[in-house]
Amino acid sequence: MSDEPRWSRRKLLVGTGGLALGAAGCAAPSFGAEGKTRLRYWHLFGGGDGANMTALVDAFAKEHPAIDLEATQLQWGTPYYTKLSMAGAGGRAPEVAVLHLARLAGFGPGRLLDPFDLDLLRALGVGPDQFPEDIFTRGTVGGQQYAIPLDTHPMVLYYNTDVCEKAGLLGHGGQLQPIRSAREFMDALRAAKRATGAPGLSAETTGPDCVMPWRLFATFYSQLGGTVLSADGRRLTLDDGKALEILEFMARLTAEGLMVRRVDYPGAIGVFNAGKTAFHLNGEWEVSTFTAAELPFSMTRVPALFGRPTAQADCHTFVLPHQEGRSGGASEAAHTFVAWMLKHSVEWAKGGHVPAYLPTLTRPDYLELEPQSAYRSVIDDVVLDQPAWFAGSASPMWIQLGAVFSGVLTGSRTPSGALREAKKRLRKLLDTPDPLGSGRVGGALGSEPLVSEGGAV
């Protein structure tokens, strides 16, 4: 997903094929150039994802000449969400946009977002039964559908096939042998270190807005069945015993020299890309990076080190930012665009994401994608944050807890000290009113819970 905030903003005028720089989003009529139906689309995809998205919007525009599609890429993270919320509140919103599913709770469904017409989507060949139930219903608030999932982007385990072969870690067909526990994982890292003389694992441990330590914690903590917040996002449910078990495991990885201790996001990518480590933990969106470098690598699900086979994830979804008097033609064009994108999501899957539209997962052209299709079963075991305004991708919770758990990996915090600080910061977030002005403190904006107490979707 290229899920790191490191790209500049650009504006792609897909309907006319031109490229221009400029600010996005002014109030617009329903008709674009030459009487066409105008459809403005905002997204946050850069890098390889940006190239894949450009290919998709170009293809859509070619097949739908009556729609004047204007696709705008904005800067990933806080800048994107700030712009999108202001547009929805100020009547300057695009017809369709991308939103991380775990951020839906803080985005005012019914106020900053308009619901989808599920009957119209069905008429276009897309229905709720074509998605994992838990992921689809996570986009439902108050009985209306505010988010249609495009994918899920989970944590995965990358592995260098050359290094793993030297370390005796490959089995039948050159695939990684099963790893069934934390002890077996550490044994595999030790074997890799003996083969290379370097730590066996790389992942981001430090740097500005460092969130990977949070993702690591969330993945392994979920495998113990732990939750951070209650299902409605209003109460702290962090289990001290389970959290300490995971934090102590994270501390051992670097203390025993099995994981690179101090490295930022680009550095962690570079270490693995240079063939210096056997394993790399990250989201699946870096597959294009390693493929382009012709690295001998493959990917698999994060092993179930602590019981459950779960992995931290989020989902890219399509949403309809609020517009006063949304026109019928523009609304139909937006639904047509969403349905078409879902049906053509094999192209999107090339960037590593697991398509949420289930018919894609059985298509021969998707199954031929390697290693992308190898971990597709994780879609049944992904874990999103419990719904709260401060949770989800690029959220205050990720950044604040990422900074705290970074200290566990670098050795500047003890596991128990990190747990105390994490709980302190979470309580402060829970006591802070939603900055979008919903009047709610802490939890979700919806009128009903969106996920189970376990948070696994």
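Q: Contact means heavy atoms within 4.5 Å; which residues does methionine 397 touch on that basis, not counting residues up to four places away in sequence?
A: Methionine 397 touches Trp214, Val228, Asp385, Phe390, Ala391, Gly402, Leu426 and Leu429. A word on the ground rules: this is a predicted model, where local features need pLDDT of at least 70 and side-chain atom pairs count only at pLDDT 80 or more, while totals for chains, interfaces and linings use all residues. Residues are numbered from 1 along each chain as its sequence is written, and side-chain values use heavy atoms, with hydrogens and water left out.

Q: Which residues touch the most other members of the largest nonpolar core?
A: In soluble globular proteins, nonpolar side chains tend to be buried together. A nonpolar core is a set of buried Ala, Val, Leu, Ile, Met, Phe, Trp, Tyr and Cys residues joined through side-chain atoms within 4.5 Å; buried means under 20% relative accessible area, with exposed over 50% and partly exposed in between (1.4 Å probe, protein chains only). Here the largest core has 142 residues, and Tyr41, Phe217, Phe279, Phe318, Phe337, Met397 and Phe405 touch the most other members. Helix H11 (residues 328–343) gives the most to this core, eight residues; helices (H or I, at least four residues) and strands (E, at least two) are DSSP runs, numbered from the N terminus.

Q: How do I read a helix like H2, and where do its buried residues fall?
A: An α-helix has 3.6 residues a turn, so residues three or four places apart point the same way. In H2, the buried ones are Tyr80, Tyr81, Leu84, Ser85, Ala87 and Gly88. Looking down the axis of H2, they fall within an arc of 160° (taken from the directions from the helix axis to the C-beta atoms), so they line one face. Their cover includes strands E3 (37–43), E5 (96–100) and E15 (316–321). Just after H2, glycine 91 has a positive phi of about 75°.

Q: What about aromatic pairs: how many are there?
A: A pair of rings is described by the distance of the centres and the angle of the planes. Rings of Phe, Tyr and Trp (its six-membered ring) pair if their centres lie within 6.5 Å; planes under 30 degrees apart are stacked, over 60 edge-to-face, the rest tilted. This structure holds 23 pairs. Tyrosine 158 and phenylalanine 290 have centres 5.2 Å apart and planes at 80°, so that pair is edge-to-face. Tyrosine 158 sits in strand E10 (residues 151–160) and phenylalanine 290 in helix H10 (residues 287–292), 132 residues apart.

Terms used: Contact means heavy atoms within 4.5 Å.
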